[in-house]
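Please consult the sequence and the model shown below while reading.

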Amino acid sequence: MKTIEYLFYDAGTLFGDYGHYYYFDQLFASERIIRTGLNDTPAFINEPVDLVYLGAMNERHQIMAAERLLPFRDRLISCIENGMHFLATCTAMDILGQSIDYEGKTQAMLGLFDFTVKFQRWPRINQFVYGEWNGIELTGHKSQFTKTTFGPGMDDRYFFKTKRGMGANPTDTREGIHYKHVYATQCMGPFFVINPGLMKHILRELDLPDDLPAEAAAFEAHANRLVEFKHPRASQAMEVS
Amino acid sequence: MMKKGLRFIVALFAAKWFARTVRLFGHGGSHTPARIAKRIDPAFFEKIERPAKVVCITGTNGKTTVNNIVSQVLTKLGIGHARNLFGSNLHAGAVSTLIEMLDWRGRMTVDLAVLEVDEISTKTVFPYLKPDIVAVTVLFRDSYARNAHTDFISELLNDAIPEESLLILNSDDLISSSLAPDNQRCFFSVDRLPGEEPETTALINDLSLCPTCRVPIDYTFQRYHHIGRATCPSCGMTNAGADYVTTKLENEHLIEIQEVSTASVHGYKQIGANITDIYNETLAIVLLREMGFQPETIADAITDVKVKSSRFDEETFGDKRMISIMGKDQNPVATTRAFAVIGGLKDAGRVCVLIVNESIDLPFCPENLAYVYDVNVEYLDRPFIKTIGVASQRRHDYVQRLLLGHIAPEKIISATSEKELANMINVDDYDTIVLVTGTSNAPGIKEAQTILRTQLAASR
């Protein structure tokens, strides 16, 4: 039996991320699921965990989450190096970087990966994203106030290159993190629900059956989304300023 | 106020001329007059003469309804006022409303403005209008593309609300009731109503953790989402004591509001049946009370008030019904509330639900459907709901979400357009057809309504 941890599930509930939780509840119905609140000690500190999921949270919770995890940074590095799956979406990915600059006030994050994030309230950037990783076509959406700058350490640790839509920032098509079994993206939830090919890949990595809930519908929706996202006339939504 | 100048007068003339021309063709609220005026005079808004008293209504849901109730009461009382009744609540909509009330020389012709203002637009509207009263309906997560999350909107409102504004706040909402803590304020609340059950199954709770202590908040009564009575077990943060409390509903036709300071209770005609209607009506009445109107005056005037029908509209065709409920585009709470109402329908017989609230009805502008994953589609998993239809460019995404919500596949139908979906329905199979509508795709919704109306009329 695998152990799945929803890390800070009570804070990571923004931007469709409830979808990840009930999807994972169905996907991992036969596995052990631990729900760790923002005030709780993460399970991966004291016992083997096979997959950690960290969902999108607001800026105040980002800071709290980083403060909660910083004392366990070495343990988290060790778990990742030893193959623990770590999935993160949207603002949760920001916590894994070096720092977030909140309109002039810099807050240290976990520093697991070589990138910094700059938060600026306007404009709010809205983008659809299409890319490809390991032969799997990926779709996602972004709505964010942030732009990310990758350092040299991300040269071989970014997730995928976008073919449509913004990557780390408007001039960098590199998107997210892929390192060992870390899959993180700044696309919002439910990224892993709407990319069934990727989810099947992760299940196989976990040595679990790769059947998905509502699998046929998921692939049909994904295929239709791809047609839309790849169409040359598809235009990005508005920025809000 | 800045000196007006010739540029202002030209801008005003062009804007008023456009507004009048548009009105001749039967159109209502519009942002265009303000845009025209600003194009000609970029400082136009700063130069507008402010009415003597300005009341603004903001919040995630209910702004338009509260504004309509207040405005209808004022109209019944013969009090001239500026108002934006058609949901044109962005910066430009507020300016267009004020333009209507300026004479050709730029003088304000009314002493009172009652304006609904979108939360984001408060940052540009409030600094100039400096509202005397700001009434906040409630704060929930809204469009992810515009509003981000409630923390962000709270910060934005805290920056925008002038320190001299009186706030009217919902004490059952621990998010909005914490706004601008140094401002003068009064609170309203709706008591737990007879027979009212808590709704603890909603996915969305925008206040599950105490903002200060980050410990889980204890809800003693969770009305829906984060609305209700709650306390932080660590710091003791809890609901403020309300100055106005809606205490009970009398035989479904009357709401009673207790005024705590005088220990008096006043009855008012109940305008809508749902709890959100009761909140909206309560706020409207409290706002009118804080504007100085006597309870008896309000009670008399409110008897004629009708809530805008696009929010909840019911038509009967013999023994069949067609209901339109506004779900609002990209707004997960409004859509969840709509689904909760549908799931709670009584004596509706066999029900068909058609979800037609797509926000972006264009083939090449991929809509973000993340919000659907925060909506309780599970509320539609009822034996009496026989069919759930979705019409959208993104219908396959909706279908995936419905299936993840354990909706039986044989109940789900989908089509690329509202018209196509409506044509798939045989009204003989149902007693009630419910359309969950949005605000953006009016032509498609109207087409679907017309098709269904024709079918229903023919089936009588």
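## Strands 1 and 2 of chain A

In strand 2 of chain A, I33(A) is the bridge partner of I4(A). Strand 1 (residues 3–7) and strand 2 of chain A run parallel and are joined by five bridges. Strands here are DSSP runs of E with at least two residues, helices are runs of H or I with at least four, and both are numbered from the N terminus.

The model is predicted: local features require pLDDT of at least 70 and side-chain atom pairs pLDDT 80 or more, while totals for chains, interfaces and linings use all residues. Residues are numbered from 1 along each chain as its sequence is written, and chains are lettered from A and ligands numbered from 1 in the order in which they are written.

## The open sheet

Six strands of chain A form an open, mixed sheet in the order 2-1-3-4-14-13; two strands pair if DSSP finds at least two bridges between them. Strand 2 (32–36) and strand 13 (177–179) of chain A are the edge strands, each pairing on one side only.

## Helix 5 of chain A

Which residues of helix 5 (residues 196–205) of chain A are buried? They are P196(A), L198(A) and M199(A). These residues lie on the same side of helix 5 of chain A, because they cover an arc of only 155° around the axis. The arc is that of the directions from the helix axis to the C-beta atoms. A residue is buried if 20 or more other C-beta atoms, placed from the backbone, lie within 10 Å of its own.

Helix 5 of chain A is followed by D207(A), whose phi is positive, near 60°.

Technical notes. Buried ≥ 20, exposed ≤ 12 C-beta atoms within 10 Å, placed from the backbone.
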